[in-house]
Amino acid sequence: MSGDPVIRVEGFTAAYGGNVVIDDITFDVNRGEVFVILGGSGCGKSTLLKHMIGLYPPASGRILIDGDDIVTADGAKRLAILRKIGVMYQSGALFGSMTLLDNVTLPLEEFTDLPEEARALVARMKLHEVGLSGAEGLLPAEISGGMQKRAAIARAMALDPGILFLDEPSAGLDPVTSAGLDRLILELARGLGITFVIVTHELPSIYAIADRVIMLDKRVKKIVATGRPGDLRDRSENPWVRQFFRREAASA
Amino acid sequence: MPPATRESPEAVVRALRRPRELTLALDGRFDSHTTGGAWREAMAHIAGADPNDAVVVDASGVGYCDGCGLGLLLEIRRRRPDARIAGLRDETARLLARFSADDFAAKPKHAPADGFVAAVGRATAQTAADLVAQVAYVGELLLALFAAVRSPGKVRWRDAFSAADAAGVGAIPIIGLIGFLIGLILAFQSAIPLKQFGAEIFVANLVSISLVRELGPLMTAIIVAGRSGAAFAAEIGTMRVNEEVNALSTMGLSPVRFLVVPRVLAGILVMPLLSLFTDLAGLVGGAIVFRSLGFPLVTFVNQISTAVTWVDLSGAVFKSLVFGVIVAAIGCLRGLQVKTGASAVGRAATRAVVSGLVLIILTDGVFSVLFYVLGI
């Protein structure tokens, strides 16, 4: 992977109240790579993701997106940073009063000058990409959790941002849909150069798509391993990391 | 013919018209921010082209092309299935190959809208089902309340006191302010006509009887319905959305006993007390006006003690108690009726207030007739 960092996390510490969750970590995410954040339950993966997208300010440190600090940016500068990213939340977070098509069309309506027919077509293409053709007119309450998740990915991709953050995208999906989603992620990353930052536990997905993985350990509150998933499984010097991959691989 | 050019720094469409052929040359970056103008221009050229002319899209100048750019190419294919797209980069061609114009030929299906007859039928069935649910709910609530009286130890008193604190103590400032102002206004308004007959002294009687018998309980119930009835509906509605109510049911716990009874008991506890507080605040307001009319406060107290009896006060307390049950029970019912979604929680809060107000006024009317017949 080329060393062209699109995201730089520097000296980052996250804390809730006085309770430090992640302690002084630094890493880069390179442009066009599929970057996976991994770790045991409660190690702060989703916390890290939420800080990276600017939802919470870190206790200390900087988060640079294309060289701009999302923590200190405000006004137009912050909006410009936010337009470079798309986020899929763990629960989907679709707007319940809108159809799936309206959910995906919303960012296109607000941030582009595309004519109405174009917005509708692009939104339908996004839904088609995640396998939701035919469900455009349904409300989120009328579809399953897995479908909601896929619709949320379609919404996150609506403006084709350069960076997509996905929080547990495969959880709750059947293996076929999950594999289809993996293929989509790879095509978007390789075809359009989109950078993916993904929090997931699904080892088959990680082996299929991840260019690089970081592993957080809640005992030390730091990154304990960085590398390709296969290398970490086979050659990591940290026994917990090897155990993590092998044990989950064995049960997967 | 010279090419028609749209000046754009990023996404450019040039139309080249030759005999029997229209060539659209696309140049630049086609993304969500740049494609809008290019889209309109390309569609205008396609619409203006002779249907018998061939359409060629020269995409050799296309650099970055994301979903919007792909949408443009797909729309050209949709409008002119015979269009030939040439010069597309391999990676863009691969992404475009994921879509077929046929996939988007039909309009997206929406749920069919009801006709008039179907809408009336659906509304009637909904109302009937709502009534049945309300009767069942009232029955279940009464049983749960009787069970609470028989076994007070099984009541979740901590929840009840917490709800009473939120609905009661938290409401004191607004209740005090509204009660004070109502007493003040009543006294001022009544002083004008009574002065014509030299009967200003009866301002005290009018204010005290109005407040104690009617306005105190009624205004308190209205404020609590708007404040706490809506809060109960939103709280329980959110629990429904989060499947917490389902979790209770599957644990074998009755949502009515667990969630509704504590809140109804809180309503029974705080509504009479708040009503008395409204009376007190109103009387203070009335006393200020009465004093400004030149009467000593002792006269105000004497007039009240002759005008308002213990029967009036007991009737008002009982009425408040019933209002407390209504406000809490209807708020919880609307919360339990939520199915999914944030908007459903909002609707539940609105319905809790509206239903609460209607039921309060209806019940107040029934009490008025009853008190009249009983001569209270």
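Which residues in α4(B) meet which residues in α9(B)? I began my notes with this helix pair. The model is a predicted one.

**Entry 1: two helices of chain B**

I looked up the contact residues. From α4(B) I noted B:Glu140, B:Leu141, B:Ala144, B:Leu145 and B:Ala148. They meet B:Val256, B:Arg257, B:Val260, B:Val261 and B:Val264 in α9(B).

Next I checked the geometry. Helix α4 of chain B covers residues 116-150, and helix α9 of chain B covers residues 255-292. They pack at an angle of about 75°. Their axes are 10 Å apart. Angles of 65 to 115 degrees count as roughly perpendicular, so α4(B) is roughly perpendicular to α9(B).

I then sorted the contact by class. It has eight nonpolar and two charged residues, with no polar ones.

**Entry 2: where chain B touches chain A**

How many residues does each chain bring to the contact? I read 30 residues from chain B and 28 residues from chain A.

I went on with the side of chain B. Four helices each supply at least two residues there: α1 (35-48), α2 (67-79), α3 (90-96) and α12 (342-374) of chain B. The largest share, six residues, comes from α2(B). By class, I find ten nonpolar, eleven polar and nine charged residues on this side.

**Entry 3: chain A as a whole**

I listed nine helices and ten strands in chain A. The radius of gyration is 18 Å, close to the 18 Å that the globule rule gives for 252 residues, so chain A is as compact as a globular protein of that length. Along the principal axes, its C-alpha atoms fill a box of roughly 55 × 45 × 35 Å.

I also looked at burial and contacts. Of the 252 residues of chain A, 45% count as buried. Among contacts in chain A with a separation of 6 or more, 63% join residues 24 or more positions apart.

**Entry 4: an open sheet in chain A**

In what order do the four strands of the open sheet lie? I traced β2-β1-β4-β5 in chain A, with antiparallel pairing. The edge strands are β2 (19-30) and β5 (68-69) of chain A, and each pairs on one side only.

Then I turned to the pair β1 and β4 of chain A. Strand β1 (residues 5-16) runs antiparallel to strand β4 (residues 60-65), and five bridges join them. Here A:Ile7 stands opposite A:Ile65 in β4(A).

A helix packs on this sheet. I identified it as α1 (residues 45-52) of chain A, which touches β1, β2 and β4 of chain A. The direction of α1(A) makes about 120° with that of β1(A).

**Entry 5: strand β7 of chain A**

Is strand β7 of chain A mostly covered or mostly uncovered? I found it mostly covered: five of its five residues, 163-167, are buried.

I checked which way the side chains point. In a regular strand they alternate between the two faces of the sheet. A:Ile163, A:Phe165 and A:Asp167 point one way from β7(A), while A:Leu164 and A:Leu166 point the other way. All of these are buried.

I then looked for the partners of β7(A). Strand β6 (residues 85-88) of chain A pairs with β7(A) in the parallel sense over four bridges. A:Gly86 stands opposite A:Leu164 in that pairing. Strand β8 (residues 195-199) of chain A also pairs with β7(A) in the parallel sense, over five bridges. There A:Leu164 stands opposite A:Phe196 in β8(A).

How values were computed:
Residues numbered from 1 in each chain as written. Chains lettered and ligands numbered in written order. Predicted model: local features only at pLDDT ≥ 70, side-chain atom pairs only at ≥ 80, totals over all residues. Contact = placed C-beta atoms within 7 Å. Nonpolar A, V, L, I, M, F, W, Y, C, P; charged D, E, K, R; others polar. Pairing = 2+ DSSP bridges. Axes fitted to C-alpha atoms, helices over the stretch in contact; angles between N-to-C directions. Rg over C-alpha atoms; globule rule 2.2 N^0.38 Å. Buried ≥ 20, exposed ≤ 12 C-beta atoms within 10 Å, placed from the backbone. Parallel < 35°, antiparallel > 145°, perpendicular 65-115°, else oblique.
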